[in-house]
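Open the model in your viewer and keep the selection panel at hand. Each stop below says what to pick and what is there.

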Amino acid sequence: MPDAYILGIESSCDETAAAVVRSGEQLISNVVASQIATHQPYGGVVPELASREHLRAIVPVVRQALAEAKHTYDSVDAIAVTQGPGLAGALLVGISYAKALAFALDKPLIAVNHLEGHIHAVLLEERQKGNRDLQFPVLALVVSGGHTHLYLASQSGDSWSYENIGHTRDDAAGEAFDKVAKLLGLGYPGGPIIDRLSPFGDPKAVKFPPAQIKHRDRRGRHDGKELLHDDGRPRFDFSYSGIKTAMLRYIEANQMHPAIEARRKALAAVTNPKLEDYCANCDQLTLDLVASFQRALVDDLVGRTMAAAKAHDVATLFVTGGVAANQELRQAFERAGGSQGLPVYFPSRPLSTDNAAMIAAAAYPKFLSKDFAPMDFSAEAGMLLR
Ligand code: KG4
Ligand code: ZN
């Protein structure tokens, strides 16, 4: 099979991205235009603004990805684009542009699930390092701003399939990072800020209760079956709304509101605040709270994922998605994997958060099996991964 160069396009949330990847195994170029500055004043992603920014960025970002790869529109073999899940308006910008390119250039068009992309970010980088010896079963934790999902991934010929064995019942882990950072006046996005501030606090200072996963039957009783799949196997669900409520209560009980308001104002006055600016505006109580929150979240993610890995007797664990960039999470998974004898793989930090290289990589098996998208396919905001 000759090499295939796939142009990937990603616009599902607040990053406009394009990349060229060779045969799912070599990253040739990877361009990401972040919209953080646009959404920062609002403390979260504003969907209408996201679509507008994607419209502005998509053409130059694709052009730059091709130029950096020393490719032209004509020289790539296929166009791959994120179909979902994500913000409908944002997805449509990438999809419309990808369709226009595929139509004008007469190239195959490949629709990719964003979550599958996160999983293939790991595969791309492992292949690039020369590691082709993947042991199945593979368990993948996709942990991002929108998802905290566990999938068993399998491969048959060129095609991949996925079985969901657990997901968050409420907030995603990244969403919890973002909401807690907002509650504490630390700005957006919260994950990277909390990641960098946590080493300055005491992670044992504040105890957060472990997540309670409750589910009631139709009569409102706890039926005890909530942790089981239909076929009786255990589920491994997550829940992060409790930790956020506990954080709110702690803030109220310790009368932290005036200090939070002062921090919010001070940080808003700084363009591109640096670690020193965050530290200068955080007292020890806040740093301890941040470190304790991160520890509670990491312990929960690692504990449930390792339990799932054990129950399904998996041979390989992938941890991917924006939150997989977190330093403490990586170390905790490496320690847990080491003690259970389970190899754990992460993408590099740039490929943990949203990018288009992962979309181009996930498209390669579909390119091989000629699993092309029709010109009338549409965005699927709530797309499931199967
Ligand atoms: O995968 P991603 O870029 O977009 C989605 O698909 O959602 O993930 C973004 C999420 C945000 O919630 C962000 O706060 C979180 O990932 N994040 C982190 C870190 N970097 C990004 N969370 C914890 N630690 C980090 N270093
Ligand atoms: Zn993502």
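**Before you click.** This is a predicted model, in which local features need pLDDT of at least 70, side-chain atom pairs count only at pLDDT 80 or more, and totals for chains, interfaces and linings use all residues. Residues are numbered from 1 along each chain as its sequence is written, chains are lettered from A and ligands numbered from 1 in the order in which they are written, and side-chain values use heavy atoms, with hydrogens and water left out.

**Stop 1: ligand 1.** Select ligand 1 and the shell around it. There are 19 surrounding residues, and the closest are Gly145, Asp178, Asp195, Gly322 and Asp354. A residue is near if one of its heavy atoms lies within 4 Å. By class, the shell holds five nonpolar, 11 polar and three charged residues. Here Ala, Val, Leu, Ile, Met, Phe, Trp, Tyr, Cys and Pro count as nonpolar, Asp, Glu, Lys and Arg as charged, and the others, Gly among them, as polar.

**Stop 2: polar contacts.** Show N and O pairs within 3.5 Å. Pick Asp178: a polar atom of its side chain is 2.7 Å from an oxygen atom of ligand 1. Go to His118, where a side-chain N or O atom lies 3.2 Å from an oxygen atom of the ligand. At Asp354 the backbone takes part, with an N or O atom 2.9 Å from a ligand oxygen. Taken alone, ligand 1 exposes 550 Å², and the protein buries 90% of that (Shrake-Rupley, 1.4 Å probe).

**Stop 3: the pocket.** Ligand 1 takes up space in the largest pocket. A molecule sits in a pocket if more than half of its atoms lie within 2 Å of the pocket's grid points. A pocket is an open set of points on a 1 Å grid over the protein atoms alone, where a 1.4 Å probe fits, with protein on both sides within 12 Å along at least five of seven lines; lining residues have an atom within 4 Å of a point. Which residues lie nearest the centre of the largest pocket? They are Asp178, Tyr188, Pro189, Pro192 and Thr353, out of 42 lining residues. Colour H5 next: this helix gives the most to the lining, six residues. Helices are DSSP runs of H or I, at least four residues, and strands are runs of E, at least two.

**Stop 4: the loops.** Select Tyr188 and Pro189, which a cis peptide bond joins, with omega about -10°. Pro189 is in the loop between H5 and H6. Gly84 and Pro85 are also joined by a cis peptide bond, with omega about -5°. Most peptide bonds are trans.

How values were computed
Polar contact = N/O pair within 3.5 Å; in protein donor to acceptor, adjacent residues only side chain to side chain.
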